[in-house]
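The following note is intended for a colleague meeting this structure for the opening time. Please read the points beside the model.

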Amino acid sequence: MTTGIHHVTALTRDVQANVDFYLGFLGLRLVKRTAGFEDARQLHLFYGDAVGAPGSVISFLVWEDGAPGRVGIGQVGEIAFAVPPGSIGEWLTRALTARVPVEGPVREFGETVLRLKDPDGIIVKLVGRDMPATAPLPDPAAPTRLHSVTLLTDQPDSGRAMLERFGYRPGPRSGAILRMVSDSDVIDLRDVAGYAPGIAGTGTFDHVALRARDADQVRAVGAALPPDLGETNLHDRKYFVSLYVRDAAGILYEYASDGPGFAVDEPPAHLGETLFTPPGMSDDLRVTLPQFALPGEERWPRRQLLFGQRLHTPDPVDDQVLITLHGSGGDETSLLPFAHAVAPRARLVGLRGRATEEGSLRWFRRFGFQDFDQDDIAAEAEAFAVFLPDLAQLYDIDLSKAVFIGQSNGANFLAAFLRLHPGLVSRAILLRAQEVLRDPPAAAITTEVLMLDGRLDLLTGPAGPALATDLAADGARVEVVTVEAGHNLIPEDEAAARAWLAARD
């Protein structure tokens, strides 16, 4: 039977830093970019040799700004790539020059090893061993293929039995590590009894995939697995067919066929250039996936600002900029599909509120259903007033021409901000907004405002029209459109917003 590691999948919280490390520093090739098959809201990147051959690939699910996990029992702890034995000194120099955290060289199982950390803190080992690449990369010192992974287990006998099912056999021991050997690589089972269990999150691995010759071998091995190992249904991942099982320690294994491979929908010379999405996924959902620049491409500067952001630049792009503020329970991506539908060629900036309520993001706190924290509104508005000029400078935005779109809690915050800090927002679209200021200050507002109210909206109720009256009394040029909907958004909202913007071009 075909044996060995097919690929390894991990989680990253910073797609740009991830690309810079695995492409820019390690020199791997981006061979595929897709939306996740299990969750289309996740970007999934695959890096490998020149064709993404099985045994060379590491992939990442992107949880942009996601919470870090904890490495522990039941997880992959380390990954290792083989590099030419004579290149270890060069890689040490490269790491020091690039300020990549590095330890070593040390000797492990008779081989020379450098231990690096990627931007998420994942341990990536470079092992000086002659393991020829299926499709060599241009750099003669580049990684050739996966050398090994280290599995952290408190039940090594279970791990050994699992790997033997997939063609691995016991090899040498070193301390708490049993090295399992295939025809092409190794897997180190490390007994970590007494460690804390792993917790999924960024900076951790999701699973290790093992190789099968083809889909028939996946089916045959899957049929022979005992039912207590968990999910054994076949999944068509387009580039391979696979199934998933867990061992007693909780380590997740995927068993994946070698074919058809990553060239099934892109020619080999153009692998990784196109974003592919699962069948049935809306094109508008593409705008929620994080974008990145390849090494050498122009990119926006990186800087930590007071409020989190997600940028989307369409191709082609015009000079419009739409800035979105999500509703309760949303995030910086929630309104991007709406904004994209309203202005398909506009640059989009999705913003994230800083308040939370029972784990859900908001723009300000509240004490009760209609009892809003006035001090928190004022404090967050003050921070937002400081934030906007920094945002404009960082991303070259003319605030006098930008259009702000807020929904529900985001719209309420935006309406309050117009009165608390007049002059910073010139155009605003408020989706299902209401008055949240207990004593609105007198303000001279020149903002153009479109309010989109739902006639059946039981959450906002009569507060929407009252807000429109108050804004107009302060000088805002307010247009109100009422659609046949509740608090939810419908296509008529998009059409009304699109028409309102078109009238101002």
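**Notes on the sheet, cores and one loop**

1. Gln 407 has Leu 431, in β26, as its bridge partner. The model is predicted: local features need pLDDT of at least 70 and side-chain atom pairs pLDDT 80 or more, while totals for chains, interfaces and linings use all residues. Residues are numbered from 1 along each chain as its sequence is written, and side-chain values use heavy atoms, leaving out hydrogens and water.

2. Strands β25 (residues 403-407) and β26 (residues 427-431) run parallel and are joined by five bridges. Strands here are DSSP runs of E, at least two residues, and helices are runs of H or I, at least four, numbered from the N terminus. Two strands pair if DSSP finds at least two bridges between them.

3. An open sheet of seven strands has the order β18-β20-β19-β25-β26-β27-β28, with mixed pairing. Its edge strands, β18 (309-312) and β28 (477-483), each pair on one side only.

4. Among the 62 residues of the largest nonpolar core, Tyr 22, Leu 26, Tyr 47, Leu 151 and Leu 210 touch the most other members. Such a core is a set of buried Ala, Val, Leu, Ile, Met, Phe, Trp, Tyr and Cys residues joined through side-chain atoms within 4.5 Å. A second, separate core has 47 residues, including Leu 325 and Phe 404.

5. Gly 359 sits in the loop between β21 (355-357) and β22 (360-362). Is Gly 359 buried or exposed? Gly 359 is exposed, because its relative accessible area is 73%; exposed means over 50%, buried under 20%, and partly exposed in between, with a 1.4 Å probe and protein chains only.
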